[in-house]
Structure formats: C-alpha cells, structure tokens
Amino acid sequence: MRTRYPTVFRVLPWIITGLVLSFGAGALVWFGPPSGFPVIEFALLIAAFGVSQTLLIQHHARNLRISFNLTDIPLVVALVYLDPFWVIAARCLVSMFFYMGRYLREDIGVLKPLFNVGLTTSGTAVAVIFVQVIGLGGLDEPATWLVLVGAIVTTGVVTTVLISALLYSLSGWDSVAKAWIAFFVTMVGPVLAACVGVIFVLLLDATLWSVLLIGFVVVALVYLARSYMALRRQRHVLRELNDFTQLVVDSVRSKRLIDAMLGRLRDILSAESATVWVPKAGRYPEIRLTSTLDDTGLTDLDPVPDVLQRGVMESGVGVLLSPKNGTRAQKEALEAAGLRGAMLVPLRSGDEVYGCLSVADRIGGELSHFVPVDLQLLETIAANVGIAVQNERLLDQLRYDAYHDPLTGLPSRRRSLAALQEALSITVSGEVVAVLMFDVDSLHEINDALGHEAGDTALQEFAKRLKAHAPPASFIGRIDSDEFILQTRLASTDAAVETARRLRASLQGPFEVGGIAVSLSAAVGVVTHPDFAADADELLKRADSATRQAKNAADGVQLYHSGLESESLRRIGLAADLRRALERRQLEVHFQPKVRLDRALGEPGALIGAEALVRWPHPTFGLIAPEEFIPIAGSTGQLGQLTELVLDEALRRSAEWAGEDGPLPMAVNLSPRTLADADFPDKVAALLERHGVPAERLTFEITEDDVVSGEPRLTPALDRLHEMGVRLSVDDFGTGYSSLAYLRRLPVQEIKIDLRFVQGMATDDDDRAIVEAVLGLARHFAIDVVAEGIEAHQTVEQLRELHCEAGQGYYFSRPLPADRFAAWLDNRGGGRGQARLRAV
C-alpha cells in the first residue's frame, strides 16, 4: 500500500528548495563582487571544483548508499586565497553545470537539481561565513588549520540538516535517520579532505610545483578507495546470495517458500514490494502474490502493471525501469500505476520462461531509484529461484502456498472464493448454501497483551475448534487476519442461524497460553444463497456486513437483511467524515455538571465537577450519537486522536473555569484501547502540564465491563496514572459482574451507579436495594459514589437519605456546550466551587 501525503507535504519540498536557493543567492548579494576579478585563480578554482566533483567515493550498506566527493580540498584552498564572493560564485557555477546538466538529461524534473545547486551554494556560504566570523591567522599556525577543518565540518552539519528537512517532507523520519547515519559514517571523509586541503595550502605556500604531487596522491587515493568499496560490495552481494539460496532450501522444507522468498528479496533490494507471477498453465491456477512493506503477510494485489510482466515473459529479458532506464511506453505504464521505479526478470525452468519476478519502488523516497547492479543481483536471485522450482513438487508447493493460509493450514481468501463460487453453481432442491463468517473477538488485545505468538496460537486454536464442530462436508477457510468462513448446505435459512448459534457456543471457552487463560469468542454473520446473494463476492460482502452487526447483537449472531447495506454505507461514509472532522476540530465537547447531594459533605446542589462529553454535529446527518461514531473511531484507528481532542479541551476548560479551590474537576471517558497505549500516560502528563491542571483534578471514567475484561492488560497504565495522581472512576457500576475483587486490585477512587438502578429506585424496591448495597460497599472500600441518570426530585431525596455523595443527570442539567456552561456558571453565584444548577 502506498502512502498518501497531504497537500502540504507535496508543496513542502519546493518551499524548502526555495529557501535553500534564497540563502545561497542572499550570500552572493551580501558579499558582492569585489573591484578586481582574479581571472586565473577563478578559472583554476572552477577547474578544481569540476574535477573533484566527479571523484565520487561510494559505499553500499543494506538499505543505505553512502557517498561523498573531494570538493572540500579545493574549497579549503579557495577559503584561504580567494575573496568570499568568488568562492561562492565558483561553487555555484560548477554545481549548476554538474547537477542541471546531469539530471535534466535523465528526465526526473527539476526539484532535485535545484535543491542540490542551492545546497552546494548554501553550504559554501556557511563555510565562508564561518571563516569570516572566526578569522584566519598565519598559515603555519595550528589555529588556522582548525578553523579551516571546522568550516568543513560545520558545512556538513548544516547541509545534513537541510537534507533532513527535504527527506522528511518526501519520505518521513526513516529517511532522516538514515541521512544522519550517513553523515556520521562519512564524516571522516570530509575531515580528511579538509586536512589534505590544509596540506595543499601549506605546500602551495612553499612552491606551486607541489600541485602535481598532491594531484597524483589524491587521484591514487580515490582509485584505491573505489576499488575497496567495490570489493566490499561484491562480498556483500555474495553473502546475500548465499543466505538467499539457503533460505530457499529451508523454506521448501517448511512449506513457506513464497513467504520467505518474497520477504527476503524485498529486504535485499530495499524495495517497497516484491511480486511473483506465474500464469495459469494446464490444471494449475494462476499465482500472483506480493510482499509489501506495510503488510506482514502476502497479498494478491500486484502493483506492477500486467503489460510489463507479460513483456518480460515474452522477451525473456530482464527490465530496469527508472528515470534513466526504460522505454517511453514502459515509463508511462509505470507512472500510470503510481510507481517510481521497478525491476522485472523472467523465471526460468531450463529454457522455458514460466513466470516473472519483480520488485517496485526503492525505499528512500522520491530521490531513490534502482541501478543496473541491482538488476544483475535480481537476475542472479531469479536464477536461483528457477533452479529451486524446476521439479513439479516445488511448483505444487508454490501453488499450495498461494491458496492456503500458512498459519492454520486452511484455504486462503482466493481459494475460499473459488470454492464458494463452485458451490453456488450446483443447485439442490430443498437446500440453501449457507455462509457463516466468524470474526474472532479481542485478537488485537491478545496481541497487545501477550504478543503476536499468543495471537497466532489463539487463531490456530480457533481453527481447530471450528473444524472439530463444523457440520459434515463443510468448507472452512481463513479469509483475513481474524476472519474465518464456513460454507455448508442446510435445509433452510433458519437452520443456518441455529447452526451459527450452536457453533458459536461450541467455540467459546478459555484455553491456556504460557500459563494464562485466554478466552475465545466470535461474532457470527449469516447469509444464504439464493435468498440474499447471487455470486461468491456478493455473498462474502453481505456476510461481512452481517458480521459487523453481530458484534452488537445480544447473542453474537446476525442474519443478513437488506437494511444492513445502508448501515454499512453510512458507516463507511462516517469514517471518512470523522477523519476530516478531527483534522478540522469540528467535534464539540459538552459539559454536564456533577452536583453534591449529601448535606453532611457541604452545601447541597454545589457544583463539584463536570464530565466532558464529545458531540459531533454532522453537516449532513445532524447530531451523530456518540454510540455510533465512537466505535467507528475505534475500528478505524482514530480513537486516540479523538480522546486527545476531548482531553485537551476538557483540561483547557478546567483551567479556564477555575474557582477559589483551583481548576474545575473534570471527568473524561476512556476506552480500553486507549489505555492499552503505553505512551498514553505520558501524553496525559504533557497535557496536564500544558494547561496547569493538577492531576488530582482529572478523573478517567471506564465502564465496568471494560475494567473486568481488560484488567491484566490495563493494569500497568492504570497504575502509572494513579501514581501521577489521576483519579479512576468505574462507570455503569453494577451491570453484570458478580466478582468485585477488582476493587481491591485496581486503583479505583470512584464508582458511578448505573442509571438503570438510579432511575428505577423510586418505583422498584429491588433497584433501591441495589443502590443501597453499592453505597455500603463503596463506604467499605472508602470509594466515592456518583449516581448518574437522575431525572426526578424524588430520586434526589432518596439518594440523600442514603447519604450518596454526588449526582449527575438531566434533573440538574443536560450536557451543555462550553459557552452555555460558562454562562450558567456566571449566572449562579459567580464562584465556581459554589455555583448551583438548581435548588435540590
């Protein structure tokens, strides 16, 4: 999957390039041309810069190409003998001829040559300014030598900063890290070059004939360095080929040939994707599998255009496509696919070409491309692969890998679709083709808490149980990371739903991983043919819609119906709208007051805090309920951003509405997924510090269900927040868990009695008894209690009789926007701590 950058990141490289060019031009204007023009010296300097620019020393490491030239030698000489203006002008002219002439011919646009010209000119200006500021003494003084070497080092630091800014705008932080690694690794080169330049200056001061000797030594050293780097590169390639060959052999034994081969190939060539394509031949189906940088497994999405792959198979010749290589038609096809570069080579069995091996887009951003030596390496690798798959057994293994999940051994999505389509083609009177889709619950939580190995074990156990309890003659496949399907024939749709319920009950139950009991469960979506779908794709699509809704069903099973389609479309649209709303801060935070009830604790009706509640006024659908958009935020990875938005606004208002006793206490709801983020406590600390709110003024509310089900994995974060002073409140207390041991184990300071008990206590003795029991339990554990959902005066009086500390609900106030909440504060006594919502 290719990363899409916002518009600002597409414009930023041009802004950076413009700034770099402006600095260099500004330096030329600042120093200005002196009265005299040193024709001979200037011409010699131009020639020296031109020659040294081509004396490039390169070293290739994995995913990193390090290079530097020897222009620092004439630069040191120029800093001593020439006026600053002519030094900068000479370097600028040489870089313009070198970069513009080189890169414009290679048809890669003007961004890179313009940036390099600006970078060279600005770097030279930095060296000149360094020397001008510090000053030079006599040539025989060590201090002068240090100034010249320091100028070169400073230039290297500044240019690396500028390069880092450009790389970040193009490729992100990984490229920035590599740029600084390259700087430190190669810093010895410019330092040595500067030392050579100093020696050159000293010799020139003694006699001009020393130019010949120094030139000979420099050329010899460059030649030896290049030879050494080439030898190291050859040894590295041989080692990689040896490791790859051994990997192919080992993968054949473990039946993971394609997984291992493509992943390793992508690493060796520093490519964003690697693809193997073997067309359909006889009884063997087509194989088209890709390993990408963003996906841990293989996909059947091929980024390389089909026309290029077929052309390589027909010609039997490998192809390198980059700004320098390839025909116009090939480059147009590559650009249409959104790729910067690619390499394709044929796979052979003897003289026969049976497939194509390709890699696309070198890691490193817009300025990184494959080179001819990479194509030679890929051809060598392809030859090894071709030898490995010459016999039919290995070809069969390739095809098996393409259609089976390596973890569970079940058929993959591609194979499942084919089997499903085959089942639909056979009609049997009195039967329906039923598809049951299982979405394994809490797999992400298991991975986060116990590691991916535990998650893999859970999937294997789920597949084992599903196969053990499935109806006879059922087809079972794994179609996604946590999704399985079961296809079978049954008498009716009702029978399919009953089968789904029976299977779900059979699959549930704990199993042990490393001494820890892990619970297994799944949501099940049901769809049947011919009732609800005509083909395999449509059947799976509708099964997926039913499965998503099954997560909210009481029994975890949902039969597909036409109404689910509109719900799915609405959910997809809201996910995109929510992302935009978060980016533009269009969500609102409302505030509902918490009120003191117990007279023994102070004046009744006094405001003791507020709860921050997020609201989304959608421009099309109006006010979207939190119950609808918060799950969408969780499933699309936007929950963290949403939580930070609410928390930031809540703390800002807490400080703004501070009373005599300090900022207004504020409560914010949290999801277990947010608490599972190891960095979340640090983010909370930063926001508290930014707004100047003491930690004890912040309360996080998490539902009782989430506390109990996620306790082992949430405990570290809760403990860290408690150590900071942040309070924890258990929301919806009393809804379903008989074990209250977690009140002793977790740092809970407050519980909120569920509104169903509070609202029913005036008319139902059982509800009143539950509320009374909760209050007694809380007093035993020295925990504060808030009754939520208060809507009647009678409820307030009963809670006061039971000495409930605080309450919250529509009886006092609905959640209010910030401006209305502030107005309410101003209209009720002025003092924040003494404000009253209504007489109670």
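This is a predicted model: local features need pLDDT of at least 70, side-chain atom pairs count only at pLDDT 80 or more; totals for chains, interfaces and linings use all residues.
## The five-stranded sheet

Five strands form an open sheet with mixed pairing, in the order β10-β11-β9-β14-β15. The edges are β10 (475-480) and β15 (557-559). Each has a single partner strand, so one side of each lacks a neighbour in the sheet. On average, neighbouring strands are turned by 20 degrees against each other, direction ignored.

Asp480 stands opposite Glu483 in β11. Helix α15 (residues 413-424) packs on the sheet. The strands touched by α15 are β9 (432-440), β10, β11 and β14 (522-529). The direction of α15 makes about 135 degrees with that of β10.

## Nonpolar cores

The largest nonpolar core holds 76 residues, and Phe700 and Phe821 touch the most other members. Helix α22 (residues 639-656) gives the most to this core, with 7 residues. Beyond its neighbours within four places in sequence, Phe700 is in contact with Leu647, Val668, Leu670, Phe680, Val684, Leu721, Val726, Arg727, Leu728 and Ser729.

A second core is separate and has 35 residues. Phe49, Leu70, Ile73 and Ala125 are among them.

## Aromatic pairs

The model has 10 aromatic pairs. One of them joins Trp616 and Phe629, with ring centres 5.7 Å apart. Their planes stand at 85 degrees, over the 60 degree cut-off, so the pair is edge-to-face. Trp616 lies in strand β17 (residues 607-618) and Phe629 in helix α21 (residues 626-635). The pair therefore ties together parts 13 residues apart in sequence. Trp616 is buried, at 2% relative accessible area. Phe629 is buried too, at 0%.

Phe821 and Trp824 form a tilted pair. Their centres are 5.7 Å apart, with 50 degrees between the planes. Both residues are buried. They sit 3 residues apart in helix α31 (residues 818-827), a separation of about one helical turn. An α-helix has 3.6 residues a turn, so residues three or four places apart point the same way. Phe821 and Trp824 also belong to one aromatic cluster with Phe591 and Trp657.

## Helix α30

Helix α30 spans residues 793-801. Its buried residues are Thr795, Val796, Gln798, Leu799 and Arg800. They pack against α28 (755-760), α29 (765-781) and β23 (784-788). His803 follows α30 and has a positive phi, near 60 degrees.

Definitions and conventions
Residues are numbered from 1 along each chain as its sequence is written. Side-chain values use heavy atoms; hydrogens and water are left out. Buried means under 20% relative accessible area, exposed over 50%, partly exposed in between (1.4 Å probe, protein chains only). Helices (H or I, at least four residues) and strands (E, at least two) are DSSP runs, numbered from the N terminus. Contact means heavy atoms within 4.5 Å. Two strands pair if DSSP finds at least two bridges between them. Axes are lines fitted to C-alpha atoms, for helices over the stretch in contact, and angles run from 0 to 180 degrees between N-to-C directions. A nonpolar core is a set of buried Ala, Val, Leu, Ile, Met, Phe, Trp, Tyr and Cys residues joined through side-chain atoms within 4.5 Å. Rings of Phe, Tyr and Trp (its six-membered ring) pair if their centres lie within 6.5 Å; planes under 30 degrees apart count as stacked, over 60 as edge-to-face and the rest as tilted.
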